[in-house]
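Student: I have a model open and would like to go through it with you. Could we begin with the terms and then move to the residues?

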Amino acid sequence: MFREPAGRPARALKGNHVKATAKAHPNIALVKYWGKRNERLILPHQSSLSVTLGPLSVTTSVEFTGERGDDDVRINGKDAQGSERSRVVELLGLVRKEHGGKLGAARMVSAGDFPAAAGLASSAAAFAALAVAARTAAGFDRDTKAESILARRGSGSASRSVQGGFVRWNRGKRPDGRDSFGEQLFDAKHWPELRMLVGMVSREEKEVKSRDGMRGTVETSPYYPAWAKDAEAEVKRIIPFIKRRDLEAVGAIAEKNAWRMHATAFAADPPLCYLKPETLAVIQTCRELRAKGLGVWFTLDAGPNPVLLTSAKDEAKVVKVLEQHGAREVVRCHPGGDAVLV
Ligand code: 2P0
């Protein structure tokens, strides 16, 4: 049977005008990514592992017009500006380069169903959906590895949102990044009763973006090498506990890893602190609830909103407690599925 040479579109473009729409979920890391060894290619110093957050999603359409001109980039109903726009244009450029033909300018429209400023890694879902939609619009067949590598170039954590369930982003060793991509270890059906409850204690935009925060940490925190080594080991340690659906062990590793990421960032110069007083209040409450027998653990990304890990049976109690302790809203999530074409 005739096979297309590697790297070429698997099906011919219909004329010069193809459109595709994809939907992807954000994710929350149980073992975090914090620091790049290559800024341009977005290659991490360590592997990381996350769970995909259903039902939240971003839906993105890409249409290559075959015409000259600038890309049209609309995000959440507005024309994208500045770095938000340039990161999308750069990713579309990578697809044009891989394709090698005359795809022309793109029309891209993207919208999420959750607040972008909530610190919920909307960029992960956005770039995963963009990578799947853009490659498909360019005529490539679905290929989760290639899509994850492309999504990674938009935002590191997006490499973990192409597939659903529990995904490890492999650090890789190659300088070109071809071995640094997200790989599904268990799908969403493996642990449907797991809950990730996002306690919205603040809706303010964070002062230091993740990208700048992790760069400052790599460059100035004396704890950085220890962080990277420890996180790599924790990725290996957590997998058998996820396999056994052992919430206590998974929660304990997630909490420890979140503290260590933030401790490494506190030690940067200037110091970096994403926690607010309300964040600490929720974390403290988690501890008290555990002492009373409730199975609940926290994790925290580069923002003030803690994400509580619990099970479906304790969900209602944990939501109530979050609301009593300063969370203005609680976003309830469960393991979500793969990025899909719609
Ligand atoms: C993570 N975070 O593993 C970690 C934990 C935040 C804290 O990935 O610079 O938006 O685009 O690669 O992926 C957020 O950083 O950063 C992030 P870039 P990204 O989820």
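Tutor: Let us start with the polar contact, meaning a pair of N or O atoms within 3.5 Å; within protein, one must be able to donate a hydrogen and the other to accept it, and residues adjacent in sequence count only if both atoms are side-chain atoms. This is a predicted model, in which local features need pLDDT of at least 70 and side-chain atom pairs count only at pLDDT 80 or more, while totals for chains, interfaces and linings use all residues. Residues are numbered from 1 along each chain as its sequence is written, and side-chain values use heavy atoms, with hydrogens and water left out.

Student: What does the side chain of Asp71 reach or contact?

Tutor: It reaches the backbone nitrogen of Ala106 at 2.7 Å, and the side chain of Asp71 also makes a polar contact with the side chain of Arg96, at 2.7 Å. Asp71 sits in the loop between β6 (58-64) and β7 (72-75), where helices (H or I, at least four residues) and strands (E, at least two) are DSSP runs numbered from the N terminus.

Student: And is Asp71 buried or exposed?

Tutor: Asp71 counts as buried at 8% relative accessibility; buried means under 20% relative accessible area, exposed over 50%, and partly exposed in between, with a 1.4 Å probe and protein chains only.

Student: What about His25, where is that?

Tutor: His25 is in the loop between β1 (18-24) and β2 (27-31), and it is buried, with a relative accessible area of 13%. The side chain of His25 reaches the backbone oxygen of Leu56 at 2.6 Å.

Student: Switching to the ligand, which residues come nearest?

Tutor: Of the 18 residues around the ligand, Tyr33, Lys36, Ser155, Gly156 and Ser157 come nearest, a residue being near if one of its heavy atoms lies within 4 Å of the molecule. An N or O atom in the side chain of Ser157 is 2.7 Å from an oxygen atom of the ligand, and for Arg87 the side-chain N or O atom is 3.3 Å from a ligand oxygen. The ligand taken alone exposes 470 Å², of which the protein buries 95%, with accessible areas from the Shrake-Rupley method using a 1.4 Å probe, and for residues only the protein chains shown counting as cover.

Student: Why would you say the ligand lies between the domains?

Tutor: Domain 1 (19-191) and domain 2 (194-335) both give residues to the shell around the ligand, so it lies between them; the domain bounds come from an automatic or database domain assignment. Helix α4 (residues 210-220) gives the most to that shell, with three residues.

Student: Now helix α2, how many of its residues are buried?

Tutor: In α2, 13 of the 16 residues are buried, so this helix is largely enclosed by the rest of the structure. α2 is followed by Gly139, whose phi is positive, near 100°.
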